[in-house]
Each structure stands twice: as structure tokens, then as C-alpha cells.
There are 2 protein chains.
Amino acid sequence: MYVGKKVIRVDAYDKAIGRTKYTDDLCDKSAYIVRVLHSQIAHGRVVSIDTSEAEKIPGVVKVFTCFDVTEKHYFPTAGHPWSTDPDHQDVADRLVLTEEVRFYGDDIAAVVALDEVSAAQALRAVKVTYEEYPFVLDVQDAMKDDAPQIHSKYPNNILKHTSIRKGDYEQAIQEPGLTKVEGWYETPTVQHCHIENFICYAQMEGDRITITSSTQIPHIVRRIVGQALGLDWGSIRVIKPYIGGGFGNKQDILYEPLCAWLCMQLGGHLVKLDVPREDTFVSNRVRHAIRSHIISWVRPDGTFAARKLEAFSDQGAYASHGHSIVAKGAGAFPQLYPCENVEVDAYTVFTNKPVAGAMRGYGIPQAMWAVECHTEDVAAKMGLDPAFFRRQNLMPKGYVDPFSKNELYHDTFNQCLDKAMQAIDYERKWKQYQNQSGDIRRGIGIAVFWYNTAVWPISLETASCRMVLNQDGSLQVQLGETEIGQGADTAFAQMTADVLGVPFDKVHIMSCQDTDVTPFGTGAYASRQTYTAGFAIRQTALLLKERILEYAHDLTRMPAYNLDIQNGEIVRTTDGRTLLSLKELSTEALYSLSNSKHLSAETTAQTKSNAYSFGCTIAEVEVDIPMCQVKLLNIVNAHDAGTLVNPALAEAQVHGGMSMGIGFGLSERMIFDPKSGRTLNNNLLDYKLSTFMDHPRLKAEFVENPEPTSAFGTKSLGEPPACSVAPAIRNAVYHATGAAVDTAPVNPHNLFRKLKDQGIL
Amino acid sequence: MYVGKKVIRVDAYDKAIGRTKYTDDLCDKSAYIVRVLHSQIAHGRVVSIDTSEAEKIPGVVKVFTCFDVTEKHYFPTAGHPWSTDPDHQDVADRLVLTEEVRFYGDDIAAVVALDEVSAAQALRAVKVTYEEYPFVLDVQDAMKDDAPQIHSKYPNNILKHTSIRKGDYEQAIQEPGLTKVEGWYETPTVQHCHIENFICYAQMEGDRITITSSTQIPHIVRRIVGQALGLDWGSIRVIKPYIGGGFGNKQDILYEPLCAWLCMQLGGHLVKLDVPREDTFVSNRVRHAIRSHIISWVRPDGTFAARKLEAFSDQGAYASHGHSIVAKGAGAFPQLYPCENVEVDAYTVFTNKPVAGAMRGYGIPQAMWAVECHTEDVAAKMGLDPAFFRRQNLMPKGYVDPFSKNELYHDTFNQCLDKAMQAIDYERKWKQYQNQSGDIRRGIGIAVFWYNTAVWPISLETASCRMVLNQDGSLQVQLGETEIGQGADTAFAQMTADVLGVPFDKVHIMSCQDTDVTPFGTGAYASRQTYTAGFAIRQTALLLKERILEYAHDLTRMPAYNLDIQNGEIVRTTDGRTLLSLKELSTEALYSLSNSKHLSAETTAQTKSNAYSFGCTIAEVEVDIPMCQVKLLNIVNAHDAGTLVNPALAEAQVHGGMSMGIGFGLSERMIFDPKSGRTLNNNLLDYKLSTFMDHPRLKAEFVENPEPTSAFGTKSLGEPPACSVAPAIRNAVYHATGAAVDTAPVNPHNLFRKLKDQGIL
């Protein structure tokens, strides 16, 4: 069995020696080079664009402006599975180039040149005349009646408002003896900062167009390019090579439609669009900044009588993934610490800022910042031990969510807390760090997180798989679910090897998706792949196995039910004898003069279940109070992600997520000029991305409760590690200093303000 | 219905504007460049190779010699389907580089460099020391006991000798009143001269190797590279882009194994091997030169009492396709003009010459040269009208071959002769050109040909097909059968559209095969593809249709047997009402929240039948006797290829084959230096390839008798057009001059010799 083993990644060697081919490696050097011209105002209208000087520059092929987009096909960009129900379709508010400017960085023109230098020169030579409108950058200001209207269809700039009502909040807060704890919590706009910026290229073959893109979701790109260009979806072909990270930014359609459109304007010539880092920050997608207001009414015994959450999610200028991000976080609120009386209101609001989309955690890191800062605040106000207080109130084993039908099958929270507390020596440190004095103080803090797997029942969950047997008993596996650096291909190969009974190195995962031949699957997001693709892999491997054993029956005359495939051999189970190898069987099957068969199997597995995937973070910090500087000393994440397909890759996933959480908690935020709306730190010098150099040794602990609904006992692990890190750090700082920083990140600026406010400094 | 219509080629536009990507277009510019060093002796052993000077040349990466090939995996090169029966496997006599030299041009070393120039310089700087052996160039000399032995396993250099015995020849020739007609007929060594020379490149991913090759047979390349490198076949991946012609040369494995081997020696670095035209002539494959000896014993009524054929096929230095070529021709002999008493002996003999392999017609052009020159000679000797004489003796309607079970279902020969004779005004011209005098004379000549379709029952015939439905009701079709310029993709699209009931432009044939994902099929040869792939297409389309209609039943509640797909719509056959479009159905199927399904189908169709595909050529010539120059005035081919899938493409096939036949009849031959064995005219200046400039208007006539065994009524048309052209020209020259040229081509040299011999000049 390979599932559960630390098998070496299938792509390890090539990636280590640099042989792996990414999109730019594959693009022919004859490609025209595209650079996008972004608006330099935050809100307004393009009156005219003068391209004459730009087009005189040698090497410039042509400059296309928003006025060249005469057929206006508005398209959505969210990498969601499509819905045939118009009410569940994503908002279609984008054009490949736009006259209407809604943020500083909007796409208004594109330069096509023979080389990078000419393109850059031309970009500077294009002259744009704007009509400027007032703009708004703050999410709650944008909801005011006199705020600038960003999209005419959405009064008060509210893209969507949803409510949850449980019990009777107003009644419940009348209970005598309750303590009211209230707080405002805020997370910043951050960016994914994958190593490989977004890049794609397009070319035509006949009247079809092929786009090779650094994307997480090739089949969705196909559909959306079709929508954006007004073409039949089958006339689009999307190829996804290896990609250098995505983290949700590449779960949006970014510039594939523009690149394809330019290609078509240029007679199908090969066109490459490679986004610089500066543009990636501003004109790709960012994580939603969310401001949350929480009120808890707590009984003297430390239980909740009533709770209320208002969340304001800053969508930026276009809908992208829209309301679903804050909705996911809002949905977690009544579940994580169940309470009889709850009111939740979640708002997604347009502002004149860069567009927010999916990012690892999908609203949960923001929600956990609010909820777990608040939980700490409640425990502090009530004078309760925060670990004890959490254990007392967290979702218990056996909890079933009425909407998703998710059940918490195990005592996951206590198990994770136990593991993490032990790993970091929590009890001792918690006591040791009470009542410190002096400039340098230490603290330790906990945060838990809520996460569920995949998107059912909100949206479609489907994955198809094809397996093709070779003459040597090896096989290819094709899936629409994508390798984006996380090791999915390796996990898929392990699963296949186990179900089919072949050696791991005989499973060749087709890493590069090609929508023309790759079975339909929606791709990498929602930490869905080992869960969702797992069903498709098991089902398809079982079908292939059945076909192989049928053929084995023809060759051996043994009944198929007495046969099995073990380690690449056809074995008679009744006496354990090896009758022939899979290699012999498949060679005979292909070349048989009596019954030639190319053995393969292809199936679709629709998933109509979902699974909770919970855990926690404990962080230990040292704070230099006069310097307002936080040093992270120790950190541990504990997860119950069900069965780990590959413990080494699982650990790597957790490390990556923790790194992202550390940045979110300590240093990362995009800064916008209030005078212009311009992003001021859209580069990796001024934007403090958390790197290996900023980390202590990252510790990952696992509780492996096999998920009963899952094909391989697995559930989400991709995003969860990023969810509880920031509030754990904040709570550790609180423990060390008494300063309850409510605005992430806990950088010197925010910490200084809080220490000052609370009179500690 | 699209089958039968002159639909425009699916690749027409891209090929016309030059956008189509061939192997060299796809190879990254970072590739190392390979040049092969060929032996400069015809027979011997490489004693040593000094690469020191070559390796000093800047830009040279490394020089590999035959002595670096330490693991000797002998491999076959014939593009035949594999057989698991060792007795039916092709001879494995090649190494990627060889110490044993068997012809002038053998592969003894390879230079790898950063660029073409360094590679060419290095090639000249390598110093080789040989031990030379005597060599033999003539096929019958090679059979002598004292001839140099080329392969130790084959005494008298006979690769294989097969006999056919029917009736009692010796007894039959005793019949009184018989006329004996005897002749020796000879065809030259010619080369395919496809526009795109052979090219391939290789690179490694993990421990697998990917080879992109200009080949007709990607799945066979995969197997043979595995054999040549001693690797599991599944660790090889072969990609076949568009190719610029193959004509059988690319039905052999040429340099894919060497290229892959070099790549592996260089740590998997991308390596490109692009063969120059000069090497293509000598070190790829050539058409077998065949010398035939025929004796016919003819009764006074013009029927055959007994016949005898001895054929000596010049294999060159390695086995390649081996005996099967002359065997096919020898097999035609007793069938074309059936006779009770027949003796056939066919020999395939090694010589120290370039290796002969498959070439359009696969032995039949050579056999038809012998048989149809001889038929003309018999008619002349008997004083019979050659057209009448043929009609009297040709295979009649209803003839069944006991081995292949082929039946001639129609009066094909008479129908084709009628059509061709009418088209060229034969009767009038035949009479008019009798008894001419003067220097310039005209003549008209007939030749018929025998051809059968595909390779069953000699070898395996199998084709697999996969179809994948898109959201817009379009679909991809994947087949191992290849587009090699002949228009196969267009024919496949027409077939698919008809069976599935969708518009032609909704069928996307995946032209580029990739053995990792393309269903197994053996490729383009034996004029098999519309016949063999036709079965797979119909079977797979029917299965997909069944699945579509099942889903339509779910959506409409109508029984599937009352539903049909017509022009991309789901139609209720009971009242002809359109219930929904295939686009609506497939979109709903993919995105259904209740029953999500990616509709596709994949099947293997094994073919256990075969079909005769006959026809004829009539040529009209003008001969300038003193100049020994033949001018082709008119030529017509008539074919019964069953139903024509696409009459325009069928006509193009016939034109191409006729062009090749004209070269074979009038000008083409490779010349070998008797002193060294070197090819003297291995370039397109000294080798007189027939081109458009050398042709009259080519006329193609068709008799469309639907083939009853076929999925679409089709049978072979790819190779047949090249089979009877040369003897028709020869017979026309005979008619004009009385000179019976028995050695092809009828170039001034051969014509002069004959005119001189017969005392005409």
C-alpha cells in the first residue's frame, strides 16, 4: 500500500534539477509580447487614448484599446464550476479591456510588440485622457448613501448581503448575569505572491484557439474564455503545464480572455502575456480585507447565551468570487462555537480597489482572525483560561450541520489541542509567561479554525478520470484536478497504485491538463482534490481492474472473482498463485489476434458529501515592547485531515500554509494612497512577504481520524494550515503584553498604536 | 451526410497560410543538435574512431561512437504491429550505432553539438579506421556461395524464401500447342523523397523519455524505442505532430532510438536529430529493387495453362520490413490472372546497399511492373489485343481468395477499364497509333493492378478510438491512425459527423497523437486507415450516441429508442420534433447537480476482414526515338476504392500516387558506385524526382462499388494509385516503338539500350 507512505514526489527529480517545463519555457520565441496598460485613476471613464506615438516605436505590432472592444461580452472571472441556474452564476462584470475605470490599475489598453523592450516603451508612450469620478476606498464608507456608485446595478455598492438567524438574539441577551464582550477586528488586503507570476499564451489552429496558461483550473478557463469571446466553448482549448504556485489567484480567470482576444485580432498569431510582479499585486486578485464586528453575551459559567457577527468584506472593483468568501467565514461563525441564539450579517461591498478573489483559506483566515481574537478577548474578560474556554465551547463530536449534512465524527478539537499543546509545552509556558515585566516579554497563544472540504452542497462537485493501460503494465492517469505544486500528482499516483494493485512507479499521472483530452474536472481549489478526485480515481481504477480481470479470465479460464491484481501481477486469490503479470496480460490484450483490446477506463464521480477538516495553531512569541517588534519563537499547527495520503507532502502543505499565516499575522498588507487609490507597495521590497528567513522551525502535528465519507479517508489539508496562524500569534502577543491588537498584521505600526492606546507604551 | 461529399480539409486553412506546426517548429531552440556519422565503406568493421579533434571544436558537446553502445539491444525497425509469437516478429538486427558496417552509409557515430555548424565541422573531424571486407551489390550475386556473407545467420544472404505451388506446373506445360513467353523484369532502387525529411527530438521527464517524431506510426515507435533502449515500453512517450509526407519511409523506425539514446546519455537534455536530404536517400529507407523472372505458357485461345514467377528482392543491408514486400507482390501473382498451375518463388536477399523498407505500394508497383510488362509481352507474342487479353484473364467477379477470404464482389476490372478507356479515348488512339513510322511516334498502354486493404490476416488489424463531448455539443476524436498529409483527419471527421449526427465543423480530430493519451492504433500504412479506423469510429460513435440518448431519456423521459441525434439536435423520431440541442444536453450533463456526467466513449475495434481494391492506368506517350526521350501526353487512373469518403481528397490521393508512378516509370533510380557501394545521386539535383512540371494533366476516374465488409463502404486508396502507372507508360512506349523496356525506369539510358538491342535505333 502506498497511501499513508512518505513516497517521493513524482516530480521531485525534475523540479530539483530544473528540467520541469513551465508556461514560459514552453512558449515559442516567435510569440508577440503583450503588456497591459492599466488606468492611473481609481474611478472614471476613458475619454480617449492616443496610440500614435506608441505605434511608431520600432518593434511595436499594434496597440489595442478599450475602444477596439466593439463586441462587448461581459464575463465572470471566478473559478467556480458553472451553474446552469442563472441565479447561481457568477457576476459577469468584466470586459477584456474597459472604458469604465473602477480602480487604479484597471485594464484599459494592451500593447503588442515583438519584444519586451518595445512593449515597455510603447506602454509609456500611450496617452490616455480620463473623465474622473470620486472614488471610495473604505468598505463601510462605500455603503453610505452618498458614496460613489461603482456598479450601477448595486445600490450602496453592496454586491450581496446575507443573514443567518438562529434562536432569538434580542430575547436571549435579556438573560440576567450576562457579560457583553464586543470587538471590531480587521484584516488587510494581501496578495498571493506565488513565485511564478501569471502567464499565458494563445494561438489559433483552424478556427479554434489554444491557450496555454499558468492556471489552477484549465476546464473553467475554457468555459470563461468562450464566454468572454462569445465563442462556442468547444472551440477553446486550454493547456495547463506545471505552475509555480497559485494559492487561489490562479483560481480566477486573469488574462486568458484578453490574450485570446488579442491573438484573434492578430490573425491567430502566437501571443504571450506575462504579467510583471508589480501588475500581479494590483491587477490580478488579492485577499478580501474583512472588517468584523462581534458581540458575545457570556454566562458566568463561560458559555455563550447569544452572539452576533457583522462582517464587511472589501470586494474591490469587480465581483470575481464575490460574496462566497465572506459567506464561508460567516457560515463558520455559528458552527465553530455553537450557540442557541445567533445573528450573522455578511456584506460584500465594492470599493475602488484591486479586485479581491480566492486566496488560500477562502474567507476563513479572515473569519478566524475575528473569531479567535474575539474568543481570546472573551476568555480574558471572563478571567478564564483560553484553552479551557475553547474546549468548553467548541463544536462537539457528533455535531451535524443541518445545511451541509457535515458531521464531526471525532473528538477532533480536543485531540488537536492536546497534540499541539504537548508539542509546544503549552501548559508550562502559559504559566511561566504570566505577569511578566520589563521590555522584552514572552507569550503563548492559541487559535483554532473551522474548515470544510470542497464546495458541495453550495456548488457542483464532479471529477472525471481516465486510465490507459500500457503494454508493460504501467498506466497513464488523466484528471482535470491539477498539480499546482502541492503534490497532487503524487497523491493521485499513490491512490491509483493502491486500488489497481500496481507498483507506484508504474503509475504515470498526466500532469499537464489539455481540455481537449483531459476528462472534465474543475481543478485545484477548496482543498477538494484528494477528496473529490479520490472518488473518481477509486471508481475508475475499479472499473479498469474489472476489465483487466475479465481479460485475465479469458486468458486463464479462472473466474474473475477468484482473481486479483497485486503488485502488478494477476494473482489467484484462492491459493495465492501468480498466474501471469499485468505486463503479459496487457501485451497479449493489445496484440491478440483473436481478441485485441486496448484496456482503458473512464468515469465521472459526482460528490454529494463534504467533510469538516479542523485544527489549531499555538504560537510562542517574544515581544520587544519599546521597539514594537514581535519575534516568533515557536509555532505548531495540529490538523485532523483524516488519513494522510503522504505524510511528507502533508507536512510540506502545513509548512507552506503556516508561512502564509505568519505573513498574514505579522507583516503583510497592501497600502493604498488615500489621495489616488494607487497601491503604494506593489513589489516584493516594500511588501513584506514572509519567507523562510522569518520563520522559526515550523512544527506540524496530525491527528489521523479517517474520514468516513471519503474514498481514501482523506479530507482538506491544502488551505487549513493558513487559517489559524495569525490569531494565534496575536493571542500570544496579547499574552505577552496585554495589547489586544485587533487589526492584522501585528506589525510594529499596529502594535505601537495598540500599546499606546492601552497605555502600555 | 458528409461521407461522399467534397468537404474542405480540416487543416486546409492552416496549411495554406503556413501556420501548421511540424516537428522542427515545435522543438525548443535550446536543443542539442545531432548529426550522424555514416560509414564510408560498404562492408567491414570499425576498428577505431578518433574523436579527439572533433571534440575540440567549440560548440561540440560530445561525440558518441559505436563503442559507447555497451548495452547491445538489437531491435527491428519495421512499422508492423507487434506479434507475441516470436516466429512472426520482425528481424531485430539494428543497433543505435554499429561497429559492423554493412553498407556505405551505416550509422557508426553521432556528433552532438550546440548548433548545426559545429556539428557539421565535428562530423568532418572524426577519424575512423576500418577493416574492410568484400561487398556485394547485386541481388543474385549475393545469393552465390562465394558471396560475402552480410549477416551470419543468413546463408547465401537469403533473408527469406517463400514458395507458392498451385496445380502441377511441370505437368501442365506438357499440354500441346502452348506458347512459352519468358521475361526478366527489373525495378530500380528509389527513395520516397517526402518534402519534410525525417526529424525527431527527445527529452526526459522523470525517468521517462518523450520523443517527438515525424512518423506515421507513433504507437509502434513507442514499442521499438523501448526495445532498442531496453526500457519498459510504458516509459516511452511518443508525440507525432503534422508531418510533411512519409510514403512508408516514416513507417520505419528511423532515428528515434538513437535520438532517445543520446538524450539519455546526456542526462535527459533535449536533443534534436534532423536528417539532411543526402542522408535521407542513403541512410533512411528505399524501395526494394526487385528482379523478376516470369514464364507463361499460353494456349492458342489466349488463356494461361501454367505460369511461373521467380522474384529476387534486394533488401539492402538490414532486414527492416524484410520479406513481406516481395511476398505481397508474389501473392498477387496467382490472383490477378488466375491460372490452375502456378509456381512462385520469392527471395529477399541482403546486399551491401541502403536498407529497403516500406514504400507506397509495398511491393505491388514492382510486381505490377513485372506482371504487366509481361502481360503486354504475352499479348504481343500471341497477337492479341492487350485490353481484350487482360479482360479475358483477369480475376473475375465472385473470385474468393482461400487464404485472405477476400472476395471480388463486383465486376471491378471491366468497370475500371471501361472508365479509363473512355476517359482517354483508348480505342481510337490504339488503332491510330498502330504501324507508325518516323522519329516521333505515339503509343498508348494499359496496366492493371492488384491491391488488398490493410494487413489482416497476415498481421493484427486493430484500431481504438475515443470521443469526448464538449459543452457546446462539439467533440474531440482521438485515434492512433495518423494524418500524414493524405487527409485522414478530414475523412475521420466526416465519418464521425455522420454516425453521431452532428455538423462536420463540430468534430475536432486530435491530429497530433500522443501515445500517453491517444488510444492504441498502429498508424498509417497498408492503405488501412479509412477501412480499419472506420470500424473504430463507427463503433465508438454509436456507443457515445447511446450514452447521449440515455442522458436525453433522463432529461426528456422519452424512450431512447424513439430518440435520434440529427444535425446536433436531439430529435424525437416518432414525430420529428427537436426536443433539445446536443449543446443543451451536454452542458446540462456536465453541470447537473443531480447527475453530473462527462460524456465520452472509447472502444477497440479489431478487424478480421480485408478487401480487394483494384484499378488500372492508361498512359499515352510520344517518343522521340533518336533522342530516346519519352513525353507523357495523357494519363488516367481508374480505381474502385469502394465508397469515396471525400471525392476531392480521393482525387488528390490518386494524383499524388500517379506522380510517384510517373517518376518510377520514367526517371527515378538511385545509382551506386560499383567500386565502393556509395550512392552517387543522393540529392534532388542528380536524382530525377517527378514533379508537377513533368506531368500532363492527371486524370482520376472512380468506380464506387461500396465494399460490403466495410464500416463506410470504403477500401484502400492510399497506395493503389502508384501501382500500375510505370508499366502503363512502358506499354505505351512499347506500343509506340516496339521496344519492350524491361528495366524501369524508361529513361533515355534504358530506352537507348533497348532500342539498340532490338535494332530499332
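Helices (H or I, at least four residues) and strands (E, at least two) are DSSP runs, numbered from the N terminus. The views below come from a predicted model, in which local features need pLDDT of at least 70, side-chain atom pairs count only at pLDDT 80 or more, and totals for chains, interfaces and linings use all residues. Residues are numbered from 1 along each chain as its sequence is written, chains are lettered from A and ligands numbered from 1 in the order in which they are written, and side-chain values use heavy atoms, with hydrogens and water left out.

**View 1. Two cysteines of chain A with positive phi.** A:Cys628 lies in the loop between β27 (615-624) and β28 (629-639) of chain A, and its phi is positive, about 55 degrees, although it is not a glycine. A:Cys628 counts as buried because its relative accessibility is 4%, where buried means under 20% relative accessible area, exposed over 50% and partly exposed in between (1.4 Å probe, protein chains only). A:Cys193, in the loop between β8 (179-186) and β9 (199-205) of chain A, has a phi near 55 degrees and, at 9% relative accessibility, is buried. Most residues other than glycine have a negative phi, and most peptide bonds are trans.

View 2. The bond from A:Trp456 to A:Pro457 is cis, with omega near 5 degrees, and A:Pro457 is placed in the loop between β18 (440-449) and β19 (462-469).

View 3. The 19 residues of α10 (364-382) should span 27 Å at 1.5 Å a residue, and the end C-alpha atoms are 26 Å apart, which agrees; the expected span is 1.5 Å times one less than the number of residues. Of these 19 residues, 17 are buried, and the helix is followed by A:Gly383, with a positive phi near 70 degrees.

**View 4. The interface of chain B and chain A.** The contact (heavy atoms within 4.5 Å) takes 62 residues from chain B and 62 residues from chain A. Eight salt bridges are found across the interface, a salt bridge being a side-chain nitrogen of Lys or Arg within 4 Å of a carboxyl oxygen of Asp or Glu. B:Glu602 forms a salt bridge with A:Arg466, with the closest N and O atoms 2.9 Å apart. Among the elements giving two or more residues to the chain B side are β19 (462-469), α16 (582-591) and β26 (600-606) of chain B, and α16(B) gives the most, with five residues.
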